[in-house]
Amino acid sequence: MDATYETAVKELRSGNIYPIYVLYGKENFLKKRMLDDIVKRAVSEDTAEYNYSVFDGEKSVDDFCDAAESAPFFAERRVVTLKDTELSKLPADKSARVADIIELCDDALTVIFYYSGDTYKPDKKLGKSIDQKGLIISFDDQSPAKLATWLRRQAEAAQKQIDDNAVDYIINNCGPSMEHMHNEMAKILSYSRREKITLADVKQTAVVTVEAAVFDMTDALAFGRYERALNILSELFAQKEQAPAILGALSSSIANLYRIKTAISCGVPAQQLQSECKIAPFIVRKLTPVAERTDIKLLRRWIHSCADADTRLKSASGMTDKMILETLIFEMLKKG
């Protein structure tokens with residue numbers, strides 16, 4: 001059955017370990033933590049070497065099944081993880097073996113299907129069996145409120161406090177990946193010698209993600225702030241970010257702007273937009289004000305300009321990567 005991360009954690013803490021888990025979604029930090037928690041609670045540290053196995057990809061399916069069919073060694077339970085294997089595309093013989101393993105899952109065997117990405121696609125038969133016996137957990141981007149609470153707890157664990165402005169800055173400029181935010185928070189806590197972490201401490205230490213910087217660049221472009229957009233570009237190059245990554249993030253941001261602008265024009269609610277276009281809620285929140293004040297014809301021109309810049313990056317244009325992106329910014333700010 002489908003479950004939230006919070007529900008799955010409560011079940012584990014109560015000692016209820018399911019025969020099957022499916023872990024998938026964008027938020028890898030929580031996903032990895034969930035995997036570790038399941039294994040730690042299902043298998044003792046002393047016997048984990050013999051009773052926990054990990055396999056990766058379709059080529060490992062037979063080995064995965066062999067391990068799952070083995071009895072626990074001096075323990076009550078065996079745990080077997082199969083990573084990044086699209087169950088709906090397995091050959092018939094392998095699919096049949098996996099189906100047999102799913103039937104075997106009980107108090108002595110727990111199987112974990114782990115996906116690095118945000119897609120889980122079993123075939124109808126396997127999906128029904130998994131749903132009946134296990135927990136299917138989607139790890140999505142966390143809300144700003146949950147992230148704020150999580151960051152404050154990290155500060156408290158280090159016997160420090162953190163300003164609300166500093167928390168907001170981390171969420172808006174180091175997210176949405178919790179893994180990146182966790183690493184940046186560790187740096188901030190190590191750097192600051194004071195009991196209370198300020199916005200100045202965070203700005204001096206934290207590295208802004210490409211996506212967050214591009215959000216600011218998009219905002220600057222919408223307001224016609226040429227100098228601000230160029231400064232952000234220079235900062236990204238100073239951080240050793242590669243031009244294709246910068247252009248990719250900018251193109252994605254503008255494409256999302258276009259989708260949001262179209263949705264606003266058609267009266268489509270934000271939740272429907274997030275679901276149908278697979279745009280994260282925090283992106284919709286950040287880009288909606290920009291979309292509202294940007295003409296849709298201009299957005300179309302920007303999309304074409306990004307495509308032209310991509311062509312120049314991939315060809316021998318005689319221009320440096322930085323010059324190509326600076327030219328792109330100039331073209332996007334041209335009127336008419």
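Hi everyone, thanks for coming. A word on the ground rules: this is a predicted model, where local features need pLDDT of at least 70, side-chain atom pairs count only at pLDDT 80 or more, and totals for chains, interfaces and linings use all residues. Residues are numbered from 1 along each chain as its sequence is written, and side-chain values use heavy atoms, with hydrogens and water left out.

Let's start with the whole chain. The protein chain has 17 helices and eight strands; these are DSSP runs numbered from the N terminus, with helices being H or I of at least four residues and strands being E of at least two. Its C-alpha trace spans about 70 × 55 × 45 Å along the principal axes. Of the 336 residues, 44% count as buried. Buried here means under 20% relative accessible area, exposed means over 50%, and partly exposed is in between, with a 1.4 Å probe and protein chains only. A contact is heavy atoms within 4.5 Å, and among contacts with a separation of 6 or more, 77% come from residues 24 or more positions apart.

Now to the open spaces. On a 1 Å grid over the protein atoms alone, a pocket is an open set of points with protein on both sides within 12 Å along at least five of seven lines, a cavity is a set where a 1.4 Å probe fits but cannot get out, and lining residues have an atom within 4 Å of a point. Grid points are joined across faces, edges and corners, and a volume is the space filled by probe spheres set on the points.

The largest pocket holds about 600 Å³. Its lining has 20 residues, with Tyr5, Leu30, Arg33, Trp150 and Arg153 nearest the centre. Helices α1 (5-13), α2 (28-42), α7 (144-157) and α9 (178-191) each supply at least two lining residues. By class, that lining has eight nonpolar, four polar and eight charged residues. For the classes, Ala, Val, Leu, Ile, Met, Phe, Trp, Tyr, Cys and Pro are nonpolar, Asp, Glu, Lys and Arg are charged, and the others, Gly among them, are polar.

The second largest pocket has about 370 Å³ of space. Among its 14 lining residues, Lys26, Asp118, Asp140, Gln274 and Lys278 are the closest to its centre.

And which residues line the largest cavity? They are Met217, Leu233, Ile246, Leu250, Leu325, Leu328 and Ile329. The elements giving two or more of them are α13 and α17 (321-333), and α17 gives the most, with three residues. The volume is about 30 Å³, and the lining has seven nonpolar, no polar and no charged residues.

Staying with α13 (residues 243-266), Ser253 sits in that helix. Ser253 is buried at 5% relative accessible area. Leaving out residues up to four places away in sequence, Ser253 touches Val214, Phe215, Thr218 and Leu287.

My next residue is Tyr115, in the loop between β5 (109-114) and α6 (124-133). Tyr115 counts as buried, at 6% relative accessibility. The backbone oxygen of Thr85 lies 2.9 Å from a polar atom of the Tyr115 side chain.

Last, the cysteines. With a disulfide defined as a pair of cysteine sulfur atoms within 2.5 Å, the count is zero. For Cys105, the nearest cysteine sulfur, that of Cys65, is 10 Å away. Cys105 is buried at 3% relative accessibility, and Cys174 is buried at 0%.

Key: Polar contact = N/O pair within 3.5 Å; in protein donor to acceptor, adjacent residues only side chain to side chain.
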